[in-house]
Amino acid sequence: MKALDVMSQDTPWRDIHTLLIPAYLETWMMVSLVMVVVLSVGGGLGIILFNTSRYGLFPKPSFYHLLSGITNIGRSLPFLVLMAAIIPFTFWLTGTTIGIPAAVIPMIVAGIPFFARLVENALREVPTEVTAVGIVSGGSAWQIITQAQLSEALPAIVAAAVVNVIAMIEYSAIAGTIGAGGIGYLAVVYGYQRFDNHIMIATIVTLVLTIQLVQFIGDRLVAALQPK
């Protein structure tokens, strides 16, 4: 009898889309907002990290180690722990600890150092001769960074951005535990708390297919950017 009661709570397959589509759009809204900030701030931070290291244009060991240490702090905590740890900051900034605004803040805080380190690593893969040629040619620091370093590292940076997008999709699902909306919230509230097996299956399949699609598009884009 109990098994029948649980099964009776499953949302009919024909109605799944009425819950899944709005949640899916909410997920992409969160990820899009986060990635705009992560790409700009995290990308800039990665450039600064690289160019203040001993491989960069203006090595500053003390500053680099300080900035690197701060970046590592942001990467040290699992997202769920980070999300809980910065609740006071999130509340001060957004006035709430639930919903999409409360999820976007910790996602940004987690995404910036992650992407910054990936950008730094991508720039380290650029042959030192590229920067040297730019210096010998009399290029400004801005020209060397944009036309030499970033141009050469672009495929690796795009690959890093794809990795970050996938991480943010995963983080948005975790953020469902604080009622952030999106696929994660749907899975937690309907799939887990209400024992709705249909919703749980639908959210899992949707997340898997989404990640596969993002990776597929990212791989094709990276391949297109590779030197011929």
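**Exercise 1.** At what angle do helix H9 and helix H10 pack, and how far apart are their axes?

*Solution.* Before we start: this is a predicted model, where local features need pLDDT of at least 70, side-chain atom pairs count only at pLDDT 80 or more, and totals for chains, interfaces and linings use all residues. Residues are numbered from 1 along each chain as its sequence is written, and side-chain values use heavy atoms, leaving out hydrogens and water.

Step 1: H9 (residues 182-193) and H10 (residues 197-225) pack at about 155 degrees, with axes 8 Å apart. Helices here are DSSP runs (H or I, at least four residues), numbered from the N terminus. Axes are lines fitted to C-alpha atoms over the stretch in contact, and angles run from 0 to 180 degrees between N-to-C directions.

Step 2: The pair is therefore roughly antiparallel, a label for angles over 145 degrees.

Step 3: Now for the residues that touch (contact means heavy atoms within 4.5 Å). Among them, Ile183, Leu186 and Tyr190 belong to H9, while Ile199, Met200 and Leu207 belong to H10.

**Exercise 2.** Find which residues of H3 are buried and what covers them.

*Solution.* Step 1: H3 covers residues 61-76, 16 residues in total.

Step 2: Its buried residues (under 20% relative accessible area, 1.4 Å probe, protein chains only; exposed is over 50%) are Tyr64, Leu67, Ser68, Thr71 and Gly74. Seen down the axis of H3, they fall within an arc of 115 degrees, so they line one face. That arc uses the directions from the helix axis to the C-beta atoms.

Step 3: The cover includes helix H2 (16-52) and helix H6 (99-124).

Step 4: Turned away from the buried side are exposed residues, including Pro61, His65 and Ile73.

Key
Helices (H or I, at least four residues) and strands (E, at least two) are DSSP runs, numbered from the N terminus. The expected span of a helix is 1.5 Å times one less than its number of residues. Angles under 35 degrees count as roughly parallel, over 145 as roughly antiparallel, 65 to 115 as roughly perpendicular and the rest as oblique.
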